[in-house]
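Please examine the model shown below. The paragraphs that follow lead through its helix packing, its aromatic contacts and several individual residues.

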Amino acid sequence: MYLTNDWESSEQEVIEYYNLRGASEKTFDIQNNDFGWGRLPCSDMNYNTVYLILTAMLKNIYNHIVQKVSEVFDDIKPTTRLKRFIFCFICVAGTWIRQSRQYKLRLYTDRPCHRVRFG
């Protein structure tokens, strides 16, 4: 049972509108825990506003990167959270080697990292 003062909407519309709150709360949970909204960097509201806007833009960039990576790797889905993405894709042992007067990155993994294309 939902209490509302919206007399123009039907019961089904009220229920659907209320259920949309879950998606926005999930978004705020991701921003709080993955992108640092839980702890703002300073006490100045103007600086914090810039920080919140930048991290929201970074979330969009992150979504694009995860979308491209999930096309290559089976264990990374487009809805993968940041911590899992870091442990599955970013944390790979590697070293820079000098080969024929060039530096090349040697990754110690059998995963197809070279197949990921962002362009």
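Helices α1 and α2 are roughly parallel to each other, because their axes cross at roughly 5 degrees and angles under 35 degrees count as roughly parallel, over 145 as roughly antiparallel, 65 to 115 as roughly perpendicular and the rest as oblique. Helix α1 comprises residues 11-19, and its axis comes within 4 Å of that of α2. Such axes are lines fitted to C-alpha atoms, for helices over the stretch in contact, with angles running from 0 to 180 degrees between N-to-C directions. The contact, meaning heavy atoms within 4.5 Å, is made by Y17, Y18 and N19 of α1 together with R21, G22 and A23 of α2. By class, the residues of this contact are three nonpolar, two polar and one charged; Ala, Val, Leu, Ile, Met, Phe, Trp, Tyr, Cys and Pro count as nonpolar, Asp, Glu, Lys and Arg as charged, and the others, Gly among them, as polar. The helices (H or I, at least four residues) and strands (E, at least two) are DSSP runs, numbered from the N terminus.

The model is predicted: local features need pLDDT of at least 70 and side-chain atom pairs count only at pLDDT 80 or more, whereas totals for chains, interfaces and linings use all residues. Residues are numbered from 1 along each chain as its sequence is written, and side-chain values use heavy atoms, with hydrogens and water left out.

The aromatic rings come next. Rings of Phe, Tyr and Trp (its six-membered ring) pair if their centres lie within 6.5 Å; planes under 30 degrees apart count as stacked, over 60 as edge-to-face and the rest as tilted. By this rule there are five aromatic pairs. One of them joins F28 and W37 in a tilted arrangement, with 6.1 Å centre to centre and 50 degrees between the planes. F28 has a relative accessible area of 48% and is therefore partly exposed, since buried means under 20%, exposed over 50% and partly exposed in between (1.4 Å probe, protein chains only). Another pair, F35 with Y62, is edge-to-face, at 5.9 Å centre to centre and 65 degrees between the planes. This pair links distant parts of the chain: F35 belongs to the loop between α2 (21-34) and α3 (45-70), Y62 belongs to helix α3, and the two are 27 residues apart. Both F35 and Y62 are buried. Together with F73, F85 and F89, they form one aromatic cluster.

A charge also sits over a ring, a term that requires NZ of Lys or CZ of Arg within 6 Å of the ring centre and within 35 degrees of the ring normal. R98 lies over the face of Y103, 5.4 Å from the ring centre.

At S100, however, phi is positive, near 45 degrees. R101 likewise has a positive phi, near 60 degrees. S100 is found in the loop between β1 (94-99) and β2 (102-107), and R101 is placed in the loop between β1 and β2 as well. S100 is exposed because its relative accessibility is 58%; R101 is exposed because its relative accessible area is 75%.

Separations between C-alpha atoms relate sequence to space. C91, in the loop between α4 (82-90) and β1, is partly exposed at 47% relative accessibility. Its C-alpha atom is separated by 24 Å from that of Q102, 11 residues away along the chain. Within helix α3, N48 is buried, with a relative accessible area of 5%. Which residues does N48 touch, not counting residues up to four places away in sequence? They are L40, P41, C42 and S43. N48 and I65 are 17 residues apart in sequence and 25 Å apart in space, C-alpha to C-alpha.

H64 also lies in helix α3 and is partly exposed at 41% relative accessibility. D6 lies in the segment before α1 and is partly exposed, with a relative accessible area of 31%. D6 and I61 are 55 residues apart in sequence, and their C-alpha atoms are 38 Å apart in space.
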